[in-house]
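Hi,

Here is the structure I promised to pass on. Have a look at it first, and then read my notes below.

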Amino acid sequence: MAQLLENYSLKKHNTFGIEAKAKYFFEFETEAEIQDFLKKNDIIDTQYIILGGGSNLLFTEDFDGLVLHPNITGIELLDEDEDSVLLRVGCNEEWDEFVEWAVNNDLYGIENLSLIPGKIGASPVQNIGAYGVEVREVIENVEAISIESKDAVIFSNARCEFDYRNSVFKNEYKNLFIITHVQFRLKKKSDLKLQYGAISKELEAYDEINLKNIRKAIIKIRESKLPDPEELGNAGSFFKNPIVDKEKADKLKAQFENMPSYEVNDSETKLAAGWLIEQCDWKGKRFGDAGVHKDQALVLVNYGNANGNDILKLANDIRKSVMFKFGVKLEMEVNAI
Ligand SMILES: Cc1cc2nc3c(=O)[nH]c(=O)nc-3n(C[C@H](O)[C@H](O)[C@H](O)COP(=O)(O)OP(=O)(O)OC[C@H]3O[C@@H](n4cnc5c(N)ncnc54)[C@H](O)[C@@H]3O)c2cc1C
């Protein structure tokens with residue numbers, strides 16, 4: 001049932017584990033409940049945010065507005081043919097529990113995205129990706145409620161305008177649609193992507209290459225690299241890998257021989273933000289309770305009592321030094337609120 005809470009602590013709702021209070025917190029379980037709420041309260045010109053699992057957010061202060069938290073769950077089969085199934089998944093299902101469910105049901109397409117924290121509803125927002133796979137490859141439609149018109153709307157994959165860690169929901173339609181369900185097309189036949197990162201190497205330890213073992217291998221690699229937010233507050237990669245023009249990348253490569261780079265297309269090259277930050281000597285640095293992870297320069301952490309501004313200050317200092325040394329602008333992947 002829907003409920004409106006006041007002066008509500010968001011500490012448990014963000015993986016940085018930062019204490020911040022929301023003036024209002026509205027949780028709902030159906031489309032009808034949110035449509036009814038929006039008809040009674042026209043919020044479009046007020047301060048509000050849509051909150052999933054809070055694993056890609058940084059609260060920099062108390063939130064003097066309304067937090068909308070959809071709690072819509074369930075996995076439904078919409079369509080099935082010889083090669084694939086079309087599934088409709090509620091926005092508050094845990095992303096990784098859905099991946100586990102798919103793997104256990106021999107469905108291919110999202111196994112490489114194992115152990116990414118967060119909810120289904122946020123997965124299209126930044127087009128989550130890992131190990132050579134992006135969620136856009138399996139999304140058929142995104143269902144949402146328009147905050148402005150209060151109508152239910154369906155976005156086809158093309159209308160989502162997916163790009164690297166990006167979509168229309170981070171740009172033109174930022175904060176304008178509450179995603180309620182995502183429809184995924186998963187394959188029944190083997191279609192594995194093993195060439196990225198250390199997957200193939202890790203799989204050598206298993207006697208068979210199958211969905212379950214790929215999931216296990218990816219979980220093992222991720223656990224060895226990334227801190228568990230339950231133990232050490234963080235929001236995964238804090239910055240996006242910057243994309244620069246090829247000419248700029250070639251100049252940098254001539255100057256810094258070991259610099260990793262990945263061709264995006266004929267004119268653009270992606271650089272590794274973690275490497276750039278590490279070269280500026282940030283890895284493992286700690287200022288009070290805000291710090292840069294000891295093994296992953298791309299991950300900022302809260303050792304306990306850092307507030308959002310401590311983390312933001314550290315992020316800005318890192319950006320300045322990367323700009324100074326490499327002339328490269330780092331963009332935040334995490335949303336600062
Ligand atoms: C340890 C760790 C590792 C990570 N690894 C990866 C990785 O490998 N790849 C990757 O892509 N990301 C990664 N992330 C980032 C994060 O997991 C994803 O961005 C995830 O999709 C966020 O989900 P969430 O439910 O926590 O979203 P939130 O943090 O709650 O929200 C993120 C954004 O989506 C919006 N949003 C959330 N729910 C909805 C909704 N229902 N309707 C409309 N808008 C909504 C919010 O307003 C906000 O702008 C990692 C994070 C952590 C902590």
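Which residue has a polar backbone atom 2.9 Å from an oxygen atom of the ligand? That one is lysine 119. Keep in mind while you look around that this is a predicted model.

A ligand oxygen sits 2.7 Å from a polar backbone atom of glycine 53, and arginine 165 brings in a polar side-chain atom at 3.4 Å from an oxygen of the ligand. As for cover, the ligand on its own would expose 970 Å², and the protein buries 93% of that area.

Stepping back to the whole shell, 34 residues surround the ligand. Gly53 turns up again among the closest, together with Ile50, Ser55, Pro117 and Gln126. Sorted by class, the shell comes to 17 nonpolar, 13 polar and 4 charged residues. If you want to find the secondary structure involved, look at strand 8 (129-130), strand 12 (177-187) and strand 13 (233-237): these are the elements that each give two or more residues to the shell.

Helix 2 (residues 95-104) packs with helix 4 (residues 211-225) at an angle of about 150°, and their axes are 9 Å apart. Anything over 145 degrees counts as roughly antiparallel, so that is how helix 2 runs relative to helix 4. The crossing of these two helices, helix 2 and helix 4, is left-handed.

Cheers

Note on methods
Residues are numbered from 1 along each chain as its sequence is written. This is a predicted model: local features need pLDDT of at least 70, side-chain atom pairs count only at pLDDT 80 or more; totals for chains, interfaces and linings use all residues. Side-chain values use heavy atoms; hydrogens and water are left out. A residue is near a molecule or strand if one of its heavy atoms lies within 4 Å of it. A polar contact is a pair of N or O atoms within 3.5 Å; within protein, one must be able to donate a hydrogen and the other to accept it, and residues adjacent in sequence count only if both atoms are side-chain atoms. Accessible areas come from the Shrake-Rupley method with a 1.4 Å probe; for residues, only the protein chains shown count as cover. Helices (H or I, at least four residues) and strands (E, at least two) are DSSP runs, numbered from the N terminus. Ala, Val, Leu, Ile, Met, Phe, Trp, Tyr, Cys and Pro count as nonpolar, Asp, Glu, Lys and Arg as charged, and the others, Gly among them, as polar. Axes are lines fitted to C-alpha atoms, for helices over the stretch in contact, and angles run from 0 to 180 degrees between N-to-C directions. Angles under 35 degrees count as roughly parallel, over 145 as roughly antiparallel, 65 to 115 as roughly perpendicular and the rest as oblique. A crossing is left-handed if the near helix is turned anticlockwise from the far one by less than a right angle, and right-handed if clockwise.
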